[in-house]
Each structure stands twice: as structure tokens, then as C-alpha cells.
Amino acid sequence: MQDKDPLAHRLSCLKITLSLLAIWFMVSFGAGILLRDWLDVNFPSVGSAPFGFWMAQQGSIIGFILILISYVYLMNRLDRKHGYSEER
Amino acid sequence: MSQDTINFIFIGLSFALYIGIAVRSRAESTKEYYTAGGGVSPFANGMATAADWMSAATFISMAGTVAISGYDASRFLMGWTGGFVLLTVLMVPYLRKFGKATVPDFVGDRYYSKFARFVAVICAIFICMTYIMGQMRGVGVVFSQLFGISIPFGVIIGASIVFVYAGLGGMKGITYTQVAQYCVMAFAYTIPAIFIAMAMTGNVIPQLGLIGDYTVGEQTVPFLQKLNNINIELGFQEYTSGKMSTINMFCITAALMCGTAGLPHVIVRFFTVKDVRSVRCSAAWTLSFIAVIYLTAPTIGAFSRVNLIEKLHETNYTEAPTWFIDFEATGQMAWVDKNNDGKIQYFGPTKSQAGTNSVFKGKSPVYPPSDAPNSQLIGSNGERLLASKADFSNPNELWFGTDIMVMANPYMAGLPMWVIALLMAGCIAAALSTAAGLLLVLSTSISHDLIKKIIKPALSDREEVNYARIASFVALVVAAYFGINPPSAFIAKTVAFAFGLAASSFFPTLLMGIFSSKMNKYGAIAGMLSGISFTVSYIVYFQFLGGQPDQYLFGITPEGIGFVGMLLNFSVALFVKLFTGDAPEYVQKMVAEIHIPSKSTQSQK
């Protein structure tokens, strides 16, 4: 099962990587820095914290963890699909 | 039992544990020395990486930085965690698959050039050296405060302990001690936070307390509103809004993130697990363990700021809590009674025309020599007097260092003595684990990449390990020397330097090495050199040669310039590549191979 179209695997992998990086950019630079003033005003506050502020200090970090967990899940599924998962 | 005795017991026990683990897992071959044999479980490696990553500075001063600058400190919170996303999805799985033991090793092989390897070795040594000096200094300061010994003696004790388990045990020894160190750090950091959250907000979970209500006093108000009110009343900017420009904030966060993804001592940690699959899994664990501390830091910062102000502002010095007197004695807090009313006043920059709130002239307090007459040492209220001249341009009378928010937290909250002892042990664990990880990268860069691959290729496996041990000894002596005689302006700029360099050298070079199979050695070398020289000269110009803030490029401070250096590296590399052709066929094949996540070849020498 070793050579099941490495190119297709690489392309789907790139797709996963780029879409996760887009989310990564949105939760940190987007919500925490660039749009924070707008979010503070227009989004419901988290507890008593304004949304943008909360994203910058807490939400983005939680988001990063979720991104990595989905990366593990998506990549393992992709590897299985292309026959690269190791038999242990 | 006195506090000192309990501190001593806790720290002694933790040391016995670390050394016990190190002796049990002593490295015999280069494979064990460099990558712990490549069989560490993802979970254990996650903890070890987290401990490796969080330095004494993170542990002690981050909460204080948040307390002082509020929203603006988010750049550190996001930068130092978000980097792990980049690291995981762009770097480590591929580098692990490549199967080399060090980062310069990858650069040297991927760019088929000894010169590229040499540049990478120099960068690795420089990054690690700046970093490790600060750690050694931190260990020395903590020891000297704890046991009343001199700082140099404290540095030497710390250095010898690190040498015992890092120099002798190699990666194998380090990994399992770091697991133990992470546990100590996590408990030491979160337990005081939980206590203080319960005291101030009635919430057991600090993160909920931060967004919850402040319950001390007659009426409950939202906690952050309370903090904003205090800040504005005392003349600071609102806690939840920042004063840093958006572009600067953006660049610093980006530089910290990319720097994180390019730091050699973090990358090599992922070479210790079994395969690509375990790397991904381990990286997710790492970030979760780091988040335990990073999600707690903003809560400690906010809680202790309110606590500190409530306890000290407008309090008579004679009625000040005992911990204030203790920290005054160690020089971490200072009070100058400018208006001679015997009360401590704390004010922010907007309370005066001058726009500052500096208590005295100069950055940190200077004290008269201990043999000076009593009238110069003790003031009319019994306070410790400073030799520094008071700054009468503003009414602020209270000075404290950033590390006070974590160190004084348990005292302020009146926590039991064992919590304080645990905190001390955690602080030392943070410094030792980072120092050990850095030392390993330093010694392997020298023994493997410099001696084996460039100077003396006929080295046997056993000799190479011995060279690594000698190199780590020499590196430690140098680091200890600078820890004892710090080039003061330099250590404080560690962040700007280490992250700026990693972001402008390793990150782009590794990224292109992995994702652009045609990138050739000329492009990579030109990119690295231009990125580094731009970043270094910018930092040196503004930090040491007296460059003024109004000369900043687009208003970007030296902390954030690594991001611009990185962009420069990318563009120079791509430009040079246009004229110098593609990388050789076999290199392109090698790169294609990296992307296949099947059973990775174990690191060959």
C-alpha cells in the first residue's frame, strides 16, 4: 500500500493546512488584533469581557488547541484514506 | 517550621527527583543523546516540550506584564501559543520525516551546502546562547533570594545541576526530567491562581473568575469593569483597551509566532517521538499543556493587580502588610514618599503633565551601600531609602518589578507556606528545564554539525557523544560567566534577539526547504544572510547605538522587526532563485519524500 498516489495526498494535505491556517489567522490576528475594536462593540461580550479582548487573551489560545486537534484528526483520516497509516 | 525550611525541603525534593530520573536514563549512543532513541510517547514528549518551552521569564514575569499593560500584553499570549500552530502544521511532521538529529543538519542536507550548514550552526548557537544566559541569571537570582547566598554562587549551583542531567544524560535524561518539571510548574502556577480567584470572585476556576464578578466589598461589579475603573481613577489607560499601534501589535505577534516555529530547541524535541503520526499528536498535547499556564497568566495578572492596588494604595507605610516590607528589602518593590504624608500612593502616567509615572530617575532602584550611615538607609517612616533621585514630575510613589505579580501573589492572598515553597520550586524548574533543552541544542550543534560534519568527518559514535559532553560543559561555563556578569542591556533584549533571529533565519529557510522543492542553495543562503543582517542591525541600532523611537520603520519596535526580516528573507531567496536555476534532481526527490507520512526512517548519522 506504499505508493497510493503521493501527489493527491500532498494536495489534500496542503488544502487542510491552508484552511486551518486561515482559521488560525482569523482567531488570532483577525479577532484579537485587526477587528477587535469592531468586535468589542458589535459582538456579545463573553461573561463581562468584551469579545475582542477575550479573544486576544483567552479565546485565541483555546482556538489554537482546537485547530491542532482537528489537524490530528483530519491528517490521520487522510493518511488512512491513502493507505499511509501504519499498522502497529 | 519557617518558610525557609519548607522552601528548602520542596526544592531539595524536586532536585533529588530530577537527578534520580537523569541517572536512571543516561544516554549511551548518539541516538540516545540527540533524540532519546526516538521512542518517547507523544504524551510524555508533550509535557517535556511544554516545560522546555516555558522559561523562567515566562513563568515569573508574564503575568506581571499582563497586569501592567492589560490588552497590549496579548501579543505575548497569542504569539507564544499561536506559534505552535505554525510549528505543527508547517514544520515538525516534515522535519521528523526527514529524520535528521538537528536543525542545521536539515539545512545542510536540504541545501546541499556546507556553508548553509555553517550559517545555520552560527544562528543556532547565537539564539541558544542569548536565551540560556537569561536562564542562568534567573536561577542565580532565585537561589540567592531563597538561601541568602550570593548570585554568582547561585548561578554555579544551577549550572552544575543542569550539567549533571543535560550534559551527561543527553536528550534521554532531559526528556524525563522535563516531564517531572512540567508537573511541578503546572501545580505551582495554577494553585495560587485558584486560591486568589476564590478570594476575589468566588469562582473556583480562574478563567471564569476573570469574566465573572468581583465579589469583595458591598456590591458586586463585573471584575473587568472594576479593573478598568481602578485603572482610570489612578491615571492608567483602560485595562481592556491598549495603547500600542495596531501595526506594531501585529508585527510583534507575528514575529513571536514565526520565531516560535523556528526555535531549534523546540523543533528538536519532536525528533524524539516514533513517527509522523506521533509528532502531530504530541504537538497537540504540547499546546494543551502550555495553554494550562498561558490561560492562567492573564487571570493572575488581573487579580493581583486589583489586589495589589487595594492593599497598598493610600495605605500608611506603618500599616503596610509584612510582605511589602520583605519585597522592599530584596529590592523588588520600592516606595519614595514624595509628598511626605507617610502614605503609599500609586498613580499612572496621565496624572501628571510629564506623562510618566516613574518613581525615581533611572530604570531600576539603586540603593546606598550597606555601610552608609543609618540616616541614608532608613527613612522617617521606617522605609528603605533609595540612592536613586526621586522623580518629582509626577505623584506616583510605588515601584515594583514585573516578576512581583507571580512571586508576591501567594503572600498577597495570604496563602499557606507550602504554596509559596511550591512556587519557588516551580520557578527553578522552569529555568532549569529551558536551560537544559537549550544546552542540548548548543552541544549537539557543535559536536554534530560543526565537528562531525564540517571539521572531522571520521568521528566515531562514542567520540561524538564525548565531544557533545565537552561542548555542553564549555557552553555552560560561558553561559554561567555571562549569568554572573550579565551584559545588562543585552539580557533584557533576549526576546527581541532570539525571536527576531529565529523568525528571520530559520523559519523562512525551513519553510522553503520543505514546501518549495526547487529552492536552491544560493537563494537559501542569500535569504538567511539578508534576513539576519537586517534584523540584527535594526535591533542593535535601536537598542545599543541610541536610535530614537521616531526613526522606527513604520513605527515597528525592535521586538517586531523579525517579521519584516522574515519577509525580506523570503523575497531575497525567491529573487536569487530566479537567476540561479532549480535545486538538483536528487534534492527535489528528497523533498517529495518528506511529504509522504509513511514509516519514517530512524535518524541516521
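Asp582(B) pairs with Lys577(B) in a salt bridge, with the closest N and O atoms 3.6 Å apart. Asp582(B) is partly exposed, at 44% relative accessibility. The model is predicted.

**Salt bridges**

Side chains of opposite charge can pair when their charged atoms come close. How many salt bridges are there over all chains? The count comes to seven.

| Pair | Closest N to O |
|---|---|
| Asp79(A) and Arg280(B) | 2.9 Å |
| Asp582(B) and Lys577(B) | 3.6 Å |
| Lys274(B) and Asp275(B) | 4.0 Å |

Glu559(B) is partly exposed at 24% relative accessibility. Arg75(B) is buried at 9%.

Lys274(B) bridges to Asp275(B). Lys274(B) has a relative accessible area of 35% and is partly exposed. Asp275(B) has 2% and is buried.

Asp105(B), Asp109(B) and Arg117(B) are joined in a network of salt bridges.

**The contact between chains B and A**

The contact draws 54 residues from chain B and 42 residues from chain A. The size of an interface is often given as the accessible area lost when the parts come together. Between chain B and chain A, about 4,200 Å² is buried. Carbon and sulfur atoms give 69% of that area.

Asp79(A) forms a salt bridge with Arg280(B), with the closest N and O atoms 2.9 Å apart.

**Helix α19 of chain B**

Helix α19 spans residues 417-455 of chain B, 39 residues in total. From first C-alpha to last it reaches 54 Å, close to the expected 57 Å. α19(B) bends by about 25° at Ser445(B). Of its 39 residues, 32 are buried, so α19(B) is largely enclosed by the rest of the structure.

**Cysteines**

The whole structure holds zero disulfides over all chains. Cys251(B) is in no disulfide, and the nearest cysteine sulfur, that of Cys258(B), is 10 Å away. Cys251(B) is buried at 5% relative accessibility. Cys427(B) is in no disulfide either; its nearest cysteine sulfur belongs to Cys183(B), 17 Å away. Cys427(B) is buried, with a relative accessible area of 1%.

Asn231(B) lies in helix α11 (residues 223-233) of chain B. Asn231(B) is buried, at 3% relative accessible area. Beyond four places in sequence, Asn231(B) touches Phe236(B), Gln237(B), Glu238(B), Tyr239(B) and Arg305(B). Its C-alpha is separated by 20 Å from that of Ser61(B), which is 170 residues apart along the chain.

Ser530(B) is in helix α24 (residues 521-543) of chain B. Is Ser530(B) buried or exposed? With a relative accessible area of 19%, Ser530(B) is buried, because the cut-off for buried is under 20%. Leaving aside neighbours within four places in sequence, Ser530(B) is in contact with Leu568(B) and Val572(B).

Technical notes: Residues numbered from 1 in each chain as written. Chains lettered and ligands numbered in written order. Predicted model: local features only at pLDDT ≥ 70, side-chain atom pairs only at ≥ 80, totals over all residues. Heavy atoms only, no water. Helix = DSSP H or I, 4+ residues; strand = E, 2+ residues; numbered from the N terminus. Expected span 1.5 Å × (residues − 1). Bend = angle between axes of the 7 residues up to and from the residue. Buried < 20%, exposed > 50% of the residue type's maximum accessible area, 1.4 Å probe, protein only. Disulfide = S-S within 2.5 Å. Contact = heavy atoms within 4.5 Å. Buried area = accessible area lost by both parts, 1.4 Å probe. Salt bridge = Lys/Arg side-chain N within 4 Å of Asp/Glu carboxyl O.
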